[in-house]
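User: Hi! I've just opened this one and I'd like to find my way around. Could you walk me through a few spots?

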Amino acid sequence: MNTCKATLRVLFSHRAYLLIYLVFVGIMMLSISWSMLSGTSDSAAAAFEPAKMRVAVIDRDSDRGGIASSMRTYLSDSSELVNVDDASETLQQAVASNWVDLIVIIPDGFADDFIDAAATGENPPSVDTVTSYTSGAGSMARMNVIGFLSLTRTALIGSHTTVDSAALAAMAGIDIGDTAGDSSEDGMGGFGEFSNQDMLDMLPAGQIEKPSVGDLFEASKAAAASASDMDANHKVAVIDTASADAESASDMAASRFGNTMKTALYPLFLAMTVCGSMILGIFTTGEVRRRLTASPQRMSSMGLQRLLTLSGFALVVCVGYLVLAVGLMVAAGLDPLTLSAEGVLMTFCATCVYALMTVACGFMLSEFGFSEAAANGFANIFGLLIMFTSGVALPVDMMPGVMVTIAKFLPGWWYCTAIDNALGFGTAAESGVSVAGWAGSLGLVALFGVMFICIGLAAGRFRRSRPTLAAPATTQLAEREISLSTDTAVPSRRRT
């Protein structure tokens, strides 16, 4: 009992490491889990609502043909219109400061050029656009501007295109006047022998009458009205299936709970490895070891008590992590009751075995005689290697084959695989819950702990068999100086 109390006093005297590695790093990992939990627990809306783009329309053509006003009306459904002064400095600042996603500049004479291009069949003129360099939404808004101009041109040309009646009659080889009132069985007035595609291919070229500014105004208004026409632009609806929802809720709860428990991998390894190394090392070096050697208790018994004390503390940390994981699920709106009791129990057992493995790693470092700085360096480097190869930081399907091969030689991979098999997700998504797979992966994690214990015992025996390795050189030098001073302090007798 005294050994356990002494171990706990030494453990809590290193509260700085517990706060940094266990509390602060644990909070960081739990915050990552919270972002995943809260991001997937939001209910989907009944209709898809795209994000609004911020667009500024600069009119330098005095709204001729209603282009500017109709464009603003057309863009108002999908974009947020921003008023910006038509000044060079203001426009540059708006783009550089990301006030707007897109600036549309209608140049002077645009309406006249647009009408001339429609009459001659040439390519229509284009407006000047400036897209913000920090947003991809500006490119989407620019596509809407191009769509508005295309609709306007189509409406303008369609209302002023005529086809010569004589040329149309010559194409069919009949008189339009004679067949105008004819009602044949197919309802095509004598043109039933031609298919629709044949009619389109054989129609004579039409002639476009030059439209006026008023015609352009009507065409732009028609294009703007099409944006709010629900018959032409249907809403995107999200349809939920009840059976699929029930299944996905259970699967989502299992995957989110498992991923949260996986994040205990990094803080547990850091805290228990560093603290275990320093605490166990204090009892095996210097004057403390000499006093313990002189005590009536056996060294092996006291060492076992210290290991059991650290293991008990690690198990308490696992219980706290389990409670926090369930609490995060409840806060995120996920029902923990959808989890199977067997899956939760197997996941908790996997975490406990992994925690005991980290205590064994700390024991190994203490038997090697690692200093405080060396233990911290080893724990951070090896802990990061375990985390980035286990699938916690990176999805397994994104990891290269070499990294997966390296990961299978580390305990973190098998700890995560054990949780996957316990809950039936991740690497076990196809096979489902597998007790055999869980037991095999958990056995490998336990074998890592046994390996660390064996290596530590061998290293400790080797160091104790060579006092020059077990004790620092400065201590030996001090002991020699004390012995020499003791010898010279005894006065020699003179012969009488």
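User: Which helix is Leu22 in?

Analyst: Leu22 sits in helix α2, which covers residues 15–40. Keep in mind that this is a predicted model.

User: And what does Leu22 touch, leaving aside its neighbours within four places in sequence?

Analyst: With those neighbours left aside, Leu22 is in contact with Tyr17, Pro267, Ala271, Phe313 and Val317.

User: How far apart are Leu22 and Leu270, in sequence and in space?

Analyst: In sequence they are 248 residues apart, while in space their C-alpha atoms are 7.5 Å apart. For the protein chain as a whole, take contacts between residues at least 6 apart in sequence: 79% of them join residues at least 24 apart.

User: Good to know. How many helices and strands are there in the protein chain?

Analyst: There are 21 helices and six strands. The chain has 496 residues, and 38% of them are buried.

User: Let's switch to the strands. In what order do the four strands of the open sheet come?

Analyst: The order is β2-β1-β3-β4, and the pairing is mixed. At the edges stand β2 (79–81) and β4, each with a single partner strand, so one side of each has no neighbour in the sheet. From one strand to the next, the twist averages 25°.

User: Which way do β1 and β3 run, and how many bridges join them?

Analyst: They run parallel, and five bridges join β1 (residues 53–59) to β3. As an example, Val55 has Leu102 as its bridge partner in β3.

User: What about β3 and β4, parallel or antiparallel?

Analyst: Those two pair in the antiparallel sense, over four bridges, with β4 spanning residues 128–131. Here Ile103 has Val130 as its bridge partner in β4.

User: And how do β1 and β2 pair?

Analyst: In the parallel sense, over three bridges. Met53 is bridged to Ser79 in β2.

User: Which strands does helix α3 lie across?

Analyst: Helix α3 (residues 67–75) lies across β1, β2 and β3, and it runs at about 175° to β1. Helix α4 (residues 88–96) packs on the sheet too, touching β1, β3 and β4. The direction of α4 makes about 150° with that of β3.

User: New topic: helix pairs. What numbers describe two packed helices?

Analyst: Two packed helices are described by the angle between their axes and by the distance between those axes.

User: At what angle do α15 and α18 pack, and how far apart are their axes?

Analyst: Helix α15 (residues 341–368) and helix α18 (residues 411–423) pack at about 170°, and their axes are 8 Å apart. That makes the two roughly antiparallel, since angles over 145 degrees count that way. The crossing of α15 past α18 is right-handed.

User: Which residues of α15 and α18 meet?

Analyst: From α15 there are Gly343, Val344, Met346, Thr347, Ala350, Thr351, Tyr354 and Met357. They meet Pro411, Tyr415, Ala418, Ile419, Ala422 and Leu423 in α18.

User: How do the residues of that contact divide into nonpolar, polar and charged?

Analyst: The contact of α15 with α18 has 11 nonpolar residues, three polar and no charged.

Notes
Residues numbered from 1 in each chain as written. Predicted model: local features only at pLDDT ≥ 70, side-chain atom pairs only at ≥ 80, totals over all residues. Heavy atoms only, no water. Pairing = 2+ DSSP bridges. Axes fitted to C-alpha atoms, helices over the stretch in contact; angles between N-to-C directions. Contact = heavy atoms within 4.5 Å. Parallel < 35°, antiparallel > 145°, perpendicular 65-115°, else oblique. Left-handed = near helix turned anticlockwise from the far one by under 90°. Nonpolar A, V, L, I, M, F, W, Y, C, P; charged D, E, K, R; others polar. Buried < 20%, exposed > 50% of the residue type's maximum accessible area, 1.4 Å probe, protein only.
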